[in-house]
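Subject: Structure handover

Hello,

Here is the structure for you to look over.

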Amino acid sequence: MSSQFASVRRRGFLLSTAAALGSWAVPQSFEKLLAAPVRSVVRARLIPTADESTGLPLLHLPHGFRYASFGWTGDLLIDGAPTPDQHDGMGVISDDQGILTICRNHELKGSGHAFGSSSITYDSKATAGCVNLTFDTKSGAWGRSWSSLSGTLKNCAGGPTPWGTWLSCEETVLQDGDSDDDIVLRLEQPHGYVFEVPADGKGHPIPLKSMGRFVHEAVAVDPLTGTVYETEDRKPAGFYRFTPVQPGKLSAGGQLQMMKIAGNPDLIRRAEPGKTYDVSWVTISDPERAHAPGTKDEGGVFQQGHEQGAASFQKLEGCWWGNDRCYFVASHGGPNGYGQVWAYNPRSETLQLIFESPGPQVLDCPDNICISPRGGMVLCEDGDRVPQKLQVLTKAGQLSEFAQNNVMLNGQKNGFQGDYRDSEWAGATFSPDGKWLFVNIQIPGITFAITGDWESLGI
């Protein structure tokens, strides 16, 4: 065990991530939600609310909530590069007396030129990566932003670690000569890995290969053991755990395994809300196998687990640690394909389905998720309805709409023109004091800091 990770455990709280983000001591009342389906669905009254940065009514929010935008696509970073587009997963990775450092993914998929300096670049011909940005919780003001990881592809989500870094995940296994949307990519390195990004943005862009090469989505770290749980964004998908040789030092390697459920039930279409499923794990012998032999199916890791009876899910997305559990989302799970929220308990090795959407009018394909310090859950929609919604699941079991995408522009900011209300929400994460929610609209690429009376919403 690394001394840094052991020190975090001895202190009994997470230095700058999971505890501060609601991932450590979620109120026990939220525990009740694990044993039953959602009790009620509420349609809250949302009103057009002006952005304190631009004056534009970019969001609809409950009365009394306010927000400020930052880090629009095209805004200059302090290192002189323009802010990349395709804002996605995000997390707080440092809290220095109220000055937060947040790491944000950019899910770019093409080949071309890396946006960052060579010291933070993995592949000079890959266009995705991460940007770090700061926020002052005392003044409510955004600070600066800079490139922190460059030369990667399709950095979709990831997750914060207990030792104060961000794990950024590539949602692809592309390499040089592969085609994506009928475009042949020219690349220098193979892709499909997890990368670690420090708060100061000066880390080495080295892929954590033993964590697997597959279509990654999000991760969550168990603060007691250092085990990393990983989701896979494909159909079908596996749910994985990575047990590091040295907790807190993922580069030292470890073992990758895939979840198996006793009796091998159909968890995609016939899972039972509230039922407890017994869990075991099968070992992946070749974590770098990108495809099943003889194919280009992106399922080389999944196939190894599936052949040993591991469980299949439907398009796994968001993943978050809280209440001594790992919560994760199957975006297209359920009999109607509109989404499931699962809770895995590593202490008892059990899995429960805590919510399953009956249709898009209730919840339309949840994607990224997070848990607030007060115990409620935030779910980012990525479905087909317009406008896209940000929803909350309270600790009392009530689902309600919290925010509505109202981004319609006519050149007022960075020349953007169009109706972007169909763009997905992504990267929801709370400040350590629980007062601010940070979240993205992926296109045209905007980050928001939202605050208000969270207690009144039950989250």
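This is a predicted model: local features need pLDDT of at least 70, side-chain atom pairs count only at pLDDT 80 or more; totals for chains, interfaces and linings use all residues.

Aromatic pairs
By that rule, the count is 23 aromatic pairs. Take F239 and F328. Their ring centres are 4.1 Å apart and their planes sit at 15 degrees, so this pair is stacked. F239 belongs to strand β16 (residues 239–244) and F328 to strand β20 (residues 325–330), so the pair ties together parts 89 residues apart in sequence. F239 has 0% relative accessibility and counts as buried. F328 also has 0% relative accessibility and counts as buried.

F328 has another partner, F313. That pair is edge-to-face, with 5.5 Å from centre to centre and 85 degrees between the planes. F313 lies in the loop between α2 (300–306) and β19 (316–322), while F328 is in strand β20, so this pair ties together parts 15 residues apart in sequence. F313 is buried, as is F328.

Which residues do ring pairs link into a cluster? They are Y229, F239, Y277, W281, F313, W321, F328, W342 and Y344.

Nonpolar cores
The largest nonpolar core has 44 residues. L58, L390, F402, F448 and I450 touch the most other members. Strand β24 (residues 377–381) gives this core its largest share, four residues. A second, separate core holds 25 residues, including Y277, W281, A311 and C326. Y277 and W281 are also in the ring cluster.

Back to L58. Leaving out residues up to four places away in sequence, L58 touches T49, D51, Y67, W72, Q404, N405, N406, V407, L409 and F448. Among these contacts is F448, itself one of the core members that touch the most others. As background, nonpolar side chains tend to be buried together in soluble globular proteins.

Cysteines
How many disulfides are there? The count is zero. The cut-off is a pair of cysteine sulfur atoms within 2.5 Å. For C103, the nearest cysteine sulfur is that of C130, 4.0 Å away, and C103 is in no disulfide. C103 counts as buried, at 0% relative accessibility. C169 is in no disulfide either; its nearest cysteine sulfur, that of C156, is 8.9 Å away. C169 is buried too, with a relative accessible area of 0%.

Best wishes

Technical notes. Residues are numbered from 1 along each chain as its sequence is written. Side-chain values use heavy atoms; hydrogens and water are left out. A nonpolar core is a set of buried Ala, Val, Leu, Ile, Met, Phe, Trp, Tyr and Cys residues joined through side-chain atoms within 4.5 Å. Buried means under 20% relative accessible area, exposed over 50%, partly exposed in between (1.4 Å probe, protein chains only). Helices (H or I, at least four residues) and strands (E, at least two) are DSSP runs, numbered from the N terminus. Contact means heavy atoms within 4.5 Å. Rings of Phe, Tyr and Trp (its six-membered ring) pair if their centres lie within 6.5 Å; planes under 30 degrees apart count as stacked, over 60 as edge-to-face and the rest as tilted.
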